[in-house]
Amino acid sequence: MQHLDWYILIGALLFIVLYGTYKSRSNKDVKDYLKGGSDSRWWTIGLSVMATQASAITFLSTPGQAFHSGLGFVQFYFGLPIAMVIICLVFIPIYHRLKVFTAYEYLETRFDLKTRTLTAILFLIQRGLAAGITIFAPSIILSAVLGWDLMYLNIGIGVLVIIYTVSGGTKAVSVTQKQQMGIIFLGMLLAFLIILNYLPLDVNFTKALEIAGASGKLDVLDFSFDFNNKYTVWSGLIGGTFLALSYFGTDQSQVQRYLSGRSMKEMQMGMIFNGLLKVPMQFFILLVGVMVFVFYQFNSSPVHFNPSAVEDVRNSPFAAEYASLEDEQITLEAAIKKKQIVFSRVENQTEKKQLLSEIAGLNKEQEALRERAKVTIKKANPDAETNDKDYVFIHFILNNLPTGMIGLLLAVILSAAMSSTASELNALGSTTTIDLYKRNVRGRGEKHYVHASKWFTLLWGIIAICVASVANLFENLIELVNIIGSIFYGNVLGIFLLAFFIKYVKSRAVFIAAIITQAIIVYFWWIDLMPYLWLNVAGAGIVIGIAVILQTVVGNKPDDTLETADVVK
Amino acid sequence: MTEENENIIEVVKQKFIWKWKFTAVLIANAVYIYLMYLLMNHFA
């Protein structure tokens with residue numbers, strides 16, 4: 001990295017922290033601190049919701065996913081717009097009219113205190129872990145490729161976020177997310193244009209798509225009913241709707257974003273904005289990954305992208321075996337490049353088809369070579385992480401982008417990490433204050449609860465840094481966050497759906513059903529019964545089914561009425 | 001559940017107002033998927 005990269009990176013991050021702290025310096029009461037004064041406009045809500053969901057993992061892992069597997073991952077987001085409409089129709093009007101600070105607060109008014117506390121605790125567990133991973137994911141990758149100390153990176157990202165989130169609360173999170181999304185959009189757009197510019201003169205965008213298509217990278221839609229296939233149109237539409245409904249409707253890190261809206265209309269517009277932009281945005285990020293694939297058709301790439309895994313194998317008795325694979329890679333790349341250059345100049349359709357089929361064959365050979373490299377790495381170090389998806393894009397950035405752009409793209413990655421972490425800490429602090437602390441320690445002044453919120457946000461920030469410091473690299477970081485979410489979300493969504501739509505079911509049945517369901521879902525995940533997206537559907541379905549059966553069999557106990565009558569908000 | 005809150009939920013449920021922007025966002029996404037289908041078929 002050159003001086004200019006450092007200036008851009010540090011300048012962007014410091015600006016965000018100082019701007020966020022400055023813009024939110026006057027928080028008088030809990031409403032100001034936790035709902036940002038309830039004066040956000042729809043575009044602020046929309047950008048804030050998008051920034052919360054798009055973490056650093058999105059920008060590191062997604063292009064790498066497209067590089068290896070093509071655009072199919074976009075199907076994961078197909079259910080999101082449907083969920084946005086349901087949230088606008090049902091969730092937002094209820095939360096808005098009840099004037100709640102957290103989603104779980106509503107459950108006490110509908111069921112009882114223990115159901116509210118249970119869902120709040122489920123949220124705190126899963127989101128507390130996810131916040132740690134949100135910090136850890138970019139740290140492990142940046143430390144591997146840049147040689148920065150992992151611990152310092154974890155602490156650095158965590159502390160920067162804590163500064164403005166603790167001091168400014170929800171408003172600081174929202175205003176900084178607008179700047180962060182600006183940096184993210186600008187950085188990704190410039191990266192895309194630069195990649196296109198780096199392709200040979202004969203290769204225009206259409207030819208680049210033809211090259212990608214020939215290797216199956218543009219196979220966006222999979223209409224098969226294969227239950228074991230993770231990303232299909234059906235798993236995206238059904239599982240994706242349930243996951244998005246749970247995430248945006250019941251996860252406080254998202255609910256808090258739209259509860260800061262000036263009016264119900266602004267909240268709904270913010271969510272519609274997200275429903276309109278999310279699929280194209282994810283498609284675009286994946287397309288950047290596909291263009292990186294095309295770029296490497298004309299330029300040399302490593303046989304494996306994870307530098308620490310490569311170092312392991314180079315310092316082992318398998319170094320010679322790995323070196324021979326690298327030699328094979330050089331030969332193969334030369335053959336691919338040669339064919340690609342011929343292809344870019346040919347106009348005859350028959351010749352084009354013939355060349356594309358030959359190139360696709362060579363790319364298959366290259367994929368097989370990369371698999372063999374993984375086997376060699378595993379032989380050298382059985383514990384090594386051989387999934388290198390998360391390293392593809394950062395390798396491209398550091399080795400190919402011009403000075404200045406490297407700093408900007410690192411600012412994109414760190415901004416995304418900060419924006420997601422800020423929402424998570426903000427929500428963790430709010431839920432601890434409103435659903436656990438304020439519910440049990442009543443009758444104190446506004447100032448007291450604002451101070452309590454700040455302390456709890458700080459505490460969760462420290463916990464997130466600790467989780468990040470002890471986390472180990474999972475198969476795929478973006479999946480890890482979604483898997484943790486899917487284990488808990490379906491159950492919580494089911495409780496909310498019962499609350500909204502099945503008046504017949506009372507608190508005792510819901511509480512017991514929720515405990516049983518959580519145990520069942522953890523078991524399903526443990527034995528790997530189904531792809532993780534379906535855990536959302538299963539969780540919601542099982543909790544609703546058990547609660548209805550229990551209510552029918554057991555009926556109302558006298559204290560059901562007593563507990564709910566005793567509700568004090 | 002307190003009566004007031006129950007009333008609020010009932011009011012919301014009775015007033016599920018379908019707005020044109022909900023239709024617009026669903027149609028827009030259906031168009032995105034169709035365009036992806038065309039892209040896939042054209043370059044496959």
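Reply: This is a predicted model. Chain B has a mean pLDDT of 79, with 64% of its residues at 70 or more. The model scores ipTM 0.84 and pTM 0.85.

Me: Which residues have the most contacts inside the largest nonpolar core?

Reply: They are A:V292, A:A411, A:V412, A:I413 and A:V510, in a core of 182 residues. Helix α12 (residues 264–298) of chain A supplies the largest share of this core, 18 residues.

Me: Why is this core said to lie between domain 1 and domain 2 of chain A?

Reply: Both domain 1 (3–24 + 31–295 + 399–470) and domain 2 (314–386) of chain A give residues to the core, so it lies between them. A second, separate core has nine residues, including A:A309, A:V310, A:V313 and A:Y322.

Me: What does A:V412 touch, not counting residues up to four places away in sequence?

Reply: A:V412 touches A:F59, A:I183, A:I184, A:G187 and A:M188. Contact here requires C-beta atoms within 7 Å.

Me: How do you know that the span of helix α2 of chain B agrees with what it should be?

Reply: Helix α2 (residues 20–43) of chain B has 24 residues, which at 1.5 Å a residue should span 34 Å. Its end C-alpha atoms are 35 Å apart, and therefore the two values agree.

Me: Which residues of α2(B) are buried, and what covers them?

Reply: B:F22, B:V25, B:N29 and B:M36 are buried in α2(B). The cover over the buried residues of this helix includes α5 (80–98) and α12 of chain A.

Conventions. Residues numbered from 1 in each chain as written. Chains lettered and ligands numbered in written order. Predicted model: local features only at pLDDT ≥ 70, side-chain atom pairs only at ≥ 80, totals over all residues. pLDDT = per-residue confidence, 0-100. Core = buried A, V, L, I, M, F, W, Y, C linked by C-beta atoms within 7 Å. Buried ≥ 20, exposed ≤ 12 C-beta atoms within 10 Å, placed from the backbone. Helix = DSSP H or I, 4+ residues; strand = E, 2+ residues; numbered from the N terminus. Domains from an automatic or database assignment. Contact = placed C-beta atoms within 7 Å. Expected span 1.5 Å × (residues − 1).
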